[in-house]
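The sequence and the structure come first, and the description follows.

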Amino acid sequence: MRTSTLIISGICKLLCGIVLIGLLLFLPAGTWTYWQAWLLIGLLFFPMTCVGVWLLVTSPELLAKRLIHKEQEKTQKHVVALSGLMFIGGFVVCGLDRRFGWSDMPVWTVVVAAVLFLLGYALYTEVMRENTYLSRTIEIQDNQELIRTGAYGIVRHPMYSATLLMFLATPVILGSWWGLLVFAVYPALIIKRISNEEQVLAKGLKGYIDYQKEVRWRLIPWVW
């Protein structure tokens, strides 16, 4: 894919993401002075832009995988659809919480959640640096190698560990305990996604069965 096409696609997805999340938060909140929403937008899209530029320069093939590819596995399509509904519902609930004042969350809690979100984003970026085969879909790529180094030596799916930290921190950043109840569905969705993904990898990726025995934990060390 040409560099110009990647840039245009990346900019379009970035702007669409900002507009969509803005609508899902500010409309239910009924105000633009929802400072936690502005904080989340900054925490989410500024690092995303930086990572996108980094990938464009260092690994345009990986950037194309992250931008263009669509899920083909039936189980994964269901997980993606349910995740989308969770995000929509969670953002709307957070906005309504801001409008009606259902939650009384101290500022320090929001700050801690923001720090955890950035730590999750840092892990997310590190995992992409380690594994250039990452894409948004569950697939075995040509000449794909098994990655065992770095975070992959601790858990088998560190990318999902990063997103778990980020997405559970999201409603807290938005100041909503009720939103956290909606986002609490995410771990169950991730478990379902990982279970299906490991079936695909064990069947098609050389050495993966031995890797499962070597690295016991899938998502969280000493938990699962």
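## Salt bridges

The structure holds four salt bridges, a salt bridge being a side-chain nitrogen of Lys or Arg within 4 Å of a carboxyl oxygen of Asp or Glu. This is a predicted model, in which local features need pLDDT of at least 70 and side-chain atom pairs count only at pLDDT 80 or more, while totals for chains, interfaces and linings use all residues. Residues are numbered from 1 along each chain as its sequence is written, and side-chain values use heavy atoms, with hydrogens and water left out.

The table lists pairs from this set.

| Pair | Closest N and O atoms |
|---|---|
| Glu126 and Arg129 | 2.7 Å |
| Arg148 and Glu214 | 2.4 Å |
| Arg218 and Glu198 | 3.4 Å |

Arg148 lies in the loop between α5 and α6 and Glu214 in helix α9, so this pair ties together parts that are 66 residues apart in sequence. Arg148 is partly exposed at 35% relative accessibility; buried means under 20% relative accessible area, exposed over 50%, and partly exposed in between (1.4 Å probe, protein chains only). Helices, here and below, are DSSP runs of H or I with at least four residues, numbered from the N terminus.

Arg218 forms a salt bridge with Glu198. Arg218 lies in the segment after α9 and Glu198 in helix α8, so the pair ties together parts that are 20 residues apart in sequence. Arg218 is partly exposed, with a relative accessible area of 27%, whereas Glu198 is buried at 7%. Both belong to a network of salt bridges that also includes Arg156.

Glu126 and Arg129 are three residues apart in helix α5, which means that about one helical turn separates them. Glu126 has a relative accessible area of 29% and is partly exposed; Arg129 is partly exposed as well, at 49%.

## Nonpolar surface patch

Helix α5 (residues 107-130) also gives the most to a nonpolar patch, with seven residues. The patch covers about 840 Å² and is made by Trp35, Val107, Trp108, Val111, Val112, Val115, Leu116, Leu119 and Leu165. Patches consist of residues with over 30% relative accessible area and no salt bridge; nonpolar side chains (Val, Leu, Ile, Met, Phe, Trp, Tyr) are joined within 5 Å. Accessible areas come from the Shrake-Rupley method with a 1.4 Å probe. Val115, found in helix α5, is partly exposed at 44% relative accessibility.

## Nonpolar core

A nonpolar core is a set of buried Ala, Val, Leu, Ile, Met, Phe, Trp, Tyr and Cys residues joined through side-chain atoms within 4.5 Å. The largest one has 58 residues, of which Leu25, Tyr34, Phe91, Phe117 and Leu174 touch the most other members. Among the elements that give two or more residues to this core are α1 (3-29), α4 (74-100) and α8 (186-204). The most comes from α6, with nine residues.

Tyr34 touches Leu25, Phe26, Ala29, Cys94, Gly95, Arg98 and Leu174, not counting residues up to four places away in sequence; contact means heavy atoms within 4.5 Å.

Tyr186 is placed in helix α8 and is buried, with a relative accessible area of 5%. Leaving out residues up to four places away in sequence, Tyr186 touches Met86, Thr163, Leu164 and Phe167.

In α2, the buried residues include Gln36, Leu40, Phe45, Pro47 and Leu55.

Notes
Patches are made of residues with over 30% relative accessible area and no salt bridge: like charges are joined within 9 Å, nonpolar side chains (Val, Leu, Ile, Met, Phe, Trp, Tyr) within 5 Å.
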